[in-house]
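Hello,

Here is the structure we talked about handing over. My notes on it follow below the files.

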Amino acid sequence: MRGIVLNLQHDSKIELTSVADPQPKAGEVLVRIKAAALNHRDEWCRQGLYPNLKDGIILGSDGAGVVEKVGDEKDKSWVGKDVIINPAMNWGSNQRAQSKEFSILGMPSHGTLAEFLVVPVDRLNEKPEHLNWAEAAALPLAGVTAYRALVYHGGIQKGDQVLVTGIGGGVAQFAAQFAIAKGAKLSVSSSKTYKLERAKSDGADFVYNYLDSTWTGKSLEETGGFDVIIDGAAGDSLNQLISVCKPGGKIVIYGATMGNPGKIEARKVFWNQLKIMGSTLGSDQDFLEMLELVHEKQIRPVVDRVFTFAEATLAFDRMKAGDQLGKIVLTP
């Protein structure tokens, strides 16, 4: 079969090549991939910025497809079903945090950017019928990450003022959609005008360009401050988020694309009784609840562009540039 593997010796650091056809063992299934989606971790692997990298590993955490074969007769009811794949491996039984054995498809184990994938049968979920293949592939990793950050950690309630930073990225896009579905009053931020305009048309109440030095004051005027802030950047901008969070509010960080902050305004944190929490991916419970919300509200993931496997370098470069609005999807 063909797969997109990490090859740090290659000019583009990735390579579409022939790899051995996988065969399911007991407790596993073989899925024919119909569509797969990129996440920032795939690009970080390409840049050599992810731990325990190994050339020859098929990248990709998000995927959807059809079950073609099972390794155990007791799982034969899955054959022929349209499925999406939960990429969280070995979360464990603790809802509060993942186990030491936790890993994510696509590094260190083979991922979804291939024509076929073998996964444990318990990673399968039936594809929501209202989603096409590209939308279904776009959902798993970013969807559960956004859901856990917003619902489990953020404790979002109807009427809450919610700020989602970096709108346009996959997790941010889902967090915005889920916030609206939960009845929150949504604000978003970005440095790209076209992303802010799209967010406004998609239902955001307020939009802010974080390069505008007056955005914090303006947001406080318009919203009175935020009950919940969902952020994937961190960096020195974290202090701006602290300044616009309501007393008793929550800041949930699921990424650090801007690195670590040089300092934190600790006095504002304790005086305003703020909660700053970290969140990554999600448990099986989070995943099932996320799917229920997507089904109940008929939420459709925002797909930026669809590339073929042969165009993988273009797809990765688009993610690196940060030009996407929604998820970047690849098809075999």
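Is Ile-104 buried or exposed? In this predicted model, Ile-104 has a relative accessibility of 10% and counts as buried, because the cut-off for that class is under 20%. Ile-104 is found in strand E7, which covers residues 103-104. Leaving aside residues up to four places away in sequence, Ile-104 touches Arg-41, Tyr-50, Ser-61, Pro-87, Ser-109, Leu-141 and Leu-281.

Next, the antiparallel strands. Strand E4 (residues 62-70) and strand E5 (residues 82-85) run antiparallel and are joined by three bridges. One partner pair there is Ala-64 with Ile-84 in E5. E5 is also joined to strand E9 (residues 124-126) by three bridges, again with antiparallel direction. Ile-84 has Asn-125 as its bridge partner in E9.

The parallel sheet is an open one of six strands, in the order E12-E11-E10-E13-E14-E15. At its edges stand strand E12 (206-209) and strand E15 (275-278); each has a single partner strand, so one side of each is left without a neighbour in the sheet. Ignoring direction, neighbouring strands in this sheet are turned by 15° against each other on average. Within the sheet, strand E13 (residues 226-231) and strand E14 (residues 245-253) run parallel and are joined by five bridges. Phe-226 stands opposite Cys-245 in E14.

Two helices lie across strands of this sheet. Helix H5 (residues 193-201) lies across strand E11 (185-190) and E12, at about 170° to E12. Helix H6 (residues 215-223) lies across strand E10 (161-164), E11, E12, E13 and E14, and its angle to E12 is also about 170°.

Which residues does Ser-190 touch? Not counting residues up to four places away in sequence, Ser-190 touches Ile-167, Lys-195, Leu-196, Tyr-208, Asn-209 and Tyr-210. Ser-190 itself is in strand E11 and is buried, with a relative accessible area of 4%.

On helix packing: the axes of helix H3 (residues 140-153) and helix H9 (residues 284-296) come within 9 Å and cross at roughly 95°. That makes H3 roughly perpendicular to H9. From H3, the residues involved are Pro-140, Gly-143, Val-144, Tyr-147, Arg-148 and Tyr-152, and they meet Asp-286, Phe-287, Glu-289, Met-290 and Leu-293 in H9. Sorted by class, this contact of H3 with H9 has seven nonpolar, one polar and three charged residues.

Finally, the aromatic rings. The structure holds four aromatic pairs. One of them is formed by Tyr-147 and Phe-178, and is edge-to-face, at 6.3 Å centre to centre with 75° between the planes. Tyr-147 lies in helix H3 and Phe-178 in helix H4 (residues 170-181), so the pair ties together parts that are 31 residues apart in sequence. Tyr-147 and Phe-178 are both buried. Together with Phe-174, these two residues form one aromatic cluster.

Regards

Methods. Residues are numbered from 1 along each chain as its sequence is written. This is a predicted model: local features need pLDDT of at least 70, side-chain atom pairs count only at pLDDT 80 or more; totals for chains, interfaces and linings use all residues. Side-chain values use heavy atoms; hydrogens and water are left out. Axes are lines fitted to C-alpha atoms, for helices over the stretch in contact, and angles run from 0 to 180 degrees between N-to-C directions. Helices (H or I, at least four residues) and strands (E, at least two) are DSSP runs, numbered from the N terminus. Angles under 35 degrees count as roughly parallel, over 145 as roughly antiparallel, 65 to 115 as roughly perpendicular and the rest as oblique. Contact means heavy atoms within 4.5 Å. Ala, Val, Leu, Ile, Met, Phe, Trp, Tyr, Cys and Pro count as nonpolar, Asp, Glu, Lys and Arg as charged, and the others, Gly among them, as polar. Two strands pair if DSSP finds at least two bridges between them. Rings of Phe, Tyr and Trp (its six-membered ring) pair if their centres lie within 6.5 Å; planes under 30 degrees apart count as stacked, over 60 as edge-to-face and the rest as tilted. Buried means under 20% relative accessible area, exposed over 50%, partly exposed in between (1.4 Å probe, protein chains only).
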